[in-house]
Each structure stands twice: as C-alpha cells, then as structure tokens.
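I opened the model today to look up strand pairing, the ligand shell and the domain contact. My entries follow.

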Amino acid sequence: MNKINRRQFIKSTGGFVAAAAAPAVHANGKSDYDAIVIGAGLSGLHAAMLLEENDMKVLVLEGRQRIGGRVYTLMHVPGKPEAAGEWIGGNYARMIATARKLGMDFWIPEQGGPDRGWAYEINGQFLSAQDWEKHPLNPMQGEDRSIPPHRMLWTISNKDNPLADQPLDAWLKPEFAKYDIPFDQYLRKRGYNEETIRLMDVTIHTNHISNTSALHELRRYHVNSFNAKHKFYEGNSYAQIKGGNSLLTDAMADSLKQQPLLGKTVVHFDQTSTNASVHCADGTKYTADHIISSIPMPVLRDITFSPRLPEQMQAAVNEVDYGLSMQAHFLIKKKFWEEDGMEPSIWSDRSIERFGVRNVNNEDGPPAGVAFINGEASHKYRLMSDEAIFNYVANELAEIRPSMKGALDPILIQSCERDPHGAGDWVYWKPGQIGKYAANMRERHGRIHFCGEHTAIMERGMEGAFESGERAALDVLFS
Ligand SMILES: Cc1cc2nc3c(=O)[nH]c(=O)nc-3n(C[C@H](O)[C@H](O)[C@H](O)COP(=O)(O)OP(=O)(O)OC[C@H]3O[C@@H](n4cnc5c(N)ncnc54)[C@H](O)[C@@H]3O)c2cc1C
C-alpha cells in the first residue's frame, strides 16, 4: 500500500472528515490484506470503498448470503417495499453523494410517505383521522389535540426539545446528561398524562418507553428535524433510492476491486503485535494488518476475542440492545377502504400496531400492505411460526375492520433479528447507558476497529452507518 497523506484522504472522502492524526507506515508485509472489513452493510461497504480508494488491499466478509445488511429491498413484493433502512434524509450527505457517484436516482414510492392516510383503532374503537381532534378518546389538551396518534411521538418529542438548535453531537455533552432518564418520567415531568404516554409508546422504536433514555429519543427527533430542514429531491427532505435502496448497497459492493465473500460468519477474532485474524464458522481464517467490524452489538455477544475485549466495551456488548420489529407483508385482494369509506392504512394500540397500504392506485402492481409491529409488542411474534403470524395478523385486522375479512394473501414475514446476523433495527440507549457507554463505542481494540450506526455521533440510521464507516477507515489509514 502507498502511504497517503491527510489531504489526500480528506479529498477522497469528499471532505467530510475534518481532523485526523498524522499517517504512519502501514502494511507490514506479513498479512494477506491491509484490512478486512466484517459486514457488507452500509458502514462496512463505505469503509471498504474508502480504504480501496486509498490503495489498500481490502477484503469484505459477510455472514449472510446477500449484500446490504439492514438495507434490504423486497424486490419481488409489489411496490418493492424497504424491509429495513427506508428513508434517506436531506442531511445524508455521504449517502446521497455515494448514490449520485454510483449513478443512482431517487424516488418517493406511491403511498410510501410517513403521512399516508391513517384510520385509527384506539381502545377498541375504530375511527377516521378527521374524527380524532374532537374525539373523547383523544387524551391531549389544547392545540395538541390536533396531533394525530401516529405523529404524537415525533411532535411531542420535538416540542421544547432541549437539543433543538444544538449541534448534532450535543447529546454527548455533560450538560444534557440530566435527560439520560426514563422517557416516560421526562414526559410526566412535562405534564403529559398516562394515556398520551401510552399512545406514544405504540410508535416508539425501542423496547418500551419506560426503559428508553429520554436523551435517546430527544436525540432521535433532533436529528430527524435537522434532516427535515434540508431538501434534496424535488423539494422533499426525504426520499429513497429509485428502484430500491438495495440497488445502492449492491452497487457499492460491485464497485470494490475484490468482491465481498458471502456466507462468511465470523465467530472469533485474535491478534498479535503485527496482525489480526478472523476465524469463520466454516473453518476459514483470514489475516490482515487491521480489521474493521460492523457486527451489531447484540451479535457480538456470541463472538470471542483473544485477547478479550476491555471490560467497559464487553459490558456495553452485553447490555446495549436494539429495538426489534416484525413485518408481515400481504397482497391485498380487494380494496377494503372503498367498501367502508375509511382511510386505507390503520394505526392501532393493539398488538398489530399498524398496517400500511401501498400501491393504492395500482401504478406498480396490485395493492399490498404490511403490518409493522415494533418494540415490546413485537416480541411475542418471535415465538410464532410464519403461518401463525399471518393468521393472527389477518384475524386481528378483520376484527378491527370487518371489510378486511378475506382481503389479504400472505407474502412473507421479515424481521431483522430473525436470522443470526441481525440483532434488531436500531441501537437504542436505556436510561443511564448514554453516560455509561456512548463515549466508548468507537474505541479500537488493538488492531480491531468498530463501526456501525451504533457508533455514530452526529447522524443516525443509514447516514450514521456512513459516518461510522468513514471514521473507522480514517482510524485504519492513520494508525
Ligand atoms: C425496519 C427498519 C427501518 C429502518 N428505517 C430507517 C430509515 O428510514 N432511515 C434510516 O436512516 N435508517 C433506517 N433504519 C436503520 C438503518 O437501516 C441502519 O442503521 C443501517 O443500515 C445500519 O448499517 P450498518 O452497516 O451499521 O449495519 P448492518 O447493515 O446491520 O451491517 C452489519 C453487517 O454485518 C453482518 N454480520 C453480522 N454478524 C456477522 C458475523 N458474525 N460475521 C460476518 N458478518 C456479520 C450482517 O449480516 C450485516 O450485513 C431502519 C432499520 C430497520 C431494520
């Protein structure tokens, strides 16, 4: 590998990286690769691309039989829904630049936006969006009564958000540590009643509102609002890759000189003073000067390190969890919303939580819909077979809305933690965990570096993955 200098690297990242240590001599001639990257999700692929652009010999190992990790477009389902990373925000500078560089365009799929028409089922009563504001079930006061149930979490979290107008890394500043408390406690202190908190909990993308750090949610909506201010596609601040987000991760993998090896599940890391190795479940071993791991934290619990991880990092691996979700995808055989005159999609406080309909106008195949259940409500589905889930969801929907009886044909069940390489959807911090762990997530362990959206400081989700891949690549290049 040629030595690079800081200016060259900053140029190759498009200038997103502002600071770096002085570079040192890299390859020692004793390893097969300058760097091995574990995981062909966005963070791993971005790190690998940056390292290759800087003349490193890089190998990407991916445990699954597909590229993309938590970017996964269901290409064969009508409307090509995104089963994981969905919305690209206006401030996703690295992701947007990479997509454009690889010749991608953007789109907003029909009925895909967050503001699609919802009907609500709350405390067993089925009601139209237009009835909500004045409905006796609406637990809110004053102008808050106009906030629809599916927007309560976003809108209330953003009201007087102490992080507003702060830089995106403010959540790590000591002055905001006082918000690293249970989110329901924070809301009660702000005067919100129990029913409002209960309805907000339906939408929350963590386990439960009471074991979620308020600071985590405040950060989440702070970043979202920041993204919403930046328009990048036809006057919109959110869009997706045209044809499906998986086209981007596929193109990123294709752009690498050495194609990622699929089906390579890493089960053990070891290292000496001169190199580091990964051991895969199929018995193969690969050695490099440096390793970047993008393996999600809960999956790391099943992987061994020699020498062992530092105590603080191991504690974080053991304790930090990801929010879970379960998706049941269906074809829609009859337009039940035309039968009952209500909005096509349903948001409910019972355990099917929400059923989103797309392709209502048949522009891209027949209408289809997905029951999307997240948080604590999604746990019980881990104990059910796919068939049992389809039956349960279809029966619940028909009970809420009789016009849906016999309206659905099962397509597939998708959940990011239903296979051993996934751990859930997004990292979330429990009360007290930000103070305890957030600063340690980026620390390298000798020649092993860590990336992944859970290690990002500024952005979250897909752009957080890019940010983290860039930081880890920089760390390797200037080690
Ligand atoms: C339902 C859902 C909706 C989402 N919506 C959005 C959204 O709208 N906007 C947004 O920005 N983000 C969204 N996200 C989050 C976003 O998808 C992720 O934050 C991002 O894709 C994570 O990228 P990553 O590289 O950090 O991790 P991953 O994509 O998980 O990559 C890690 C890779 O490591 C592999 N791996 C795991 N274990 C091993 C092993 N032992 N050996 C080898 N390989 C292994 C995995 O297979 C995976 O490919 C959503 C996620 C989900 C699930």
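Ile-88 stands opposite Ala-239 in S7. The model is a predicted one, so I kept that in mind for every entry.

I then checked the strands around this pair. S3 and strand S7 (residues 238–241) run antiparallel, and two bridges join them. The sheet is open and has three strands in the order S3-S7-S4, with antiparallel pairing. Strand S3 (88–89) and strand S4 (106–107) are at the edges. Each has a single partner strand, so one side of each has no neighbour in the sheet.

**Entry: the sheet of seven strands**

I asked in which order the strands of the other open sheet run. I read S6-S5-S14-S15-S16-S13-S17, seven strands with mixed pairing. Strand S6 (125–128) and strand S17 (408–414) stand at the edges. Each pairs with a single strand, so one side of each is left without a neighbour in the sheet. From one strand to the next, I noted an average twist of 25 degrees.

I picked out one pair. Strand S5 (residues 118–122) and strand S14 (residues 345–348) are parallel and share four bridges. Glu-121 is opposite Ser-348 in S14.

Next I looked for a helix on this sheet. Helix H12 (residues 386–400) packs on it. H12 touches S5, S6, strand S13 (325–332), S14, strand S15 (354–358), strand S16 (368–374) and S17. The direction of H12 makes about 130 degrees with that of S17.

**Entry: the ligand shell**

How many residues surround the ligand? I found 37. The closest are Gly-39, Gly-41, Gly-69, Gly-85 and Gly-461. Helix H2 (42–53) and helix H14 (461–477) are the elements that give two or more residues to the shell. H14 supplies the largest share, four residues. By class, I noted 16 nonpolar, 14 polar and seven charged residues in the shell.

**Entry: the two domains**

I looked up the domain bounds. Domain 1 takes in 6–69 + 243–320 + 427–477, and domain 2 is 139–228. Their centres, taken over C-alpha atoms, are 31 Å apart.

I then turned to the contact. On the domain 1 side, 14 residues are in contact with 16 residues of domain 2. Which element gives the most to the side of domain 1 that touches domain 2? I found helix H13 (residues 433–438), with four residues. That side of domain 1 has eight nonpolar, three polar and three charged residues.

Note on methods
Residues are numbered from 1 along each chain as its sequence is written. This is a predicted model: local features need pLDDT of at least 70, side-chain atom pairs count only at pLDDT 80 or more; totals for chains, interfaces and linings use all residues. Domain bounds come from an automatic or database domain assignment. Two residues are in contact if their C-beta atoms, placed from the backbone, lie within 7 Å. Ala, Val, Leu, Ile, Met, Phe, Trp, Tyr, Cys and Pro count as nonpolar, Asp, Glu, Lys and Arg as charged, and the others, Gly among them, as polar. A residue is near a molecule or strand if its C-beta atom, placed from the backbone, lies within 6 Å of it. Two strands pair if DSSP finds at least two bridges between them. Axes are lines fitted to C-alpha atoms, for helices over the stretch in contact, and angles run from 0 to 180 degrees between N-to-C directions.
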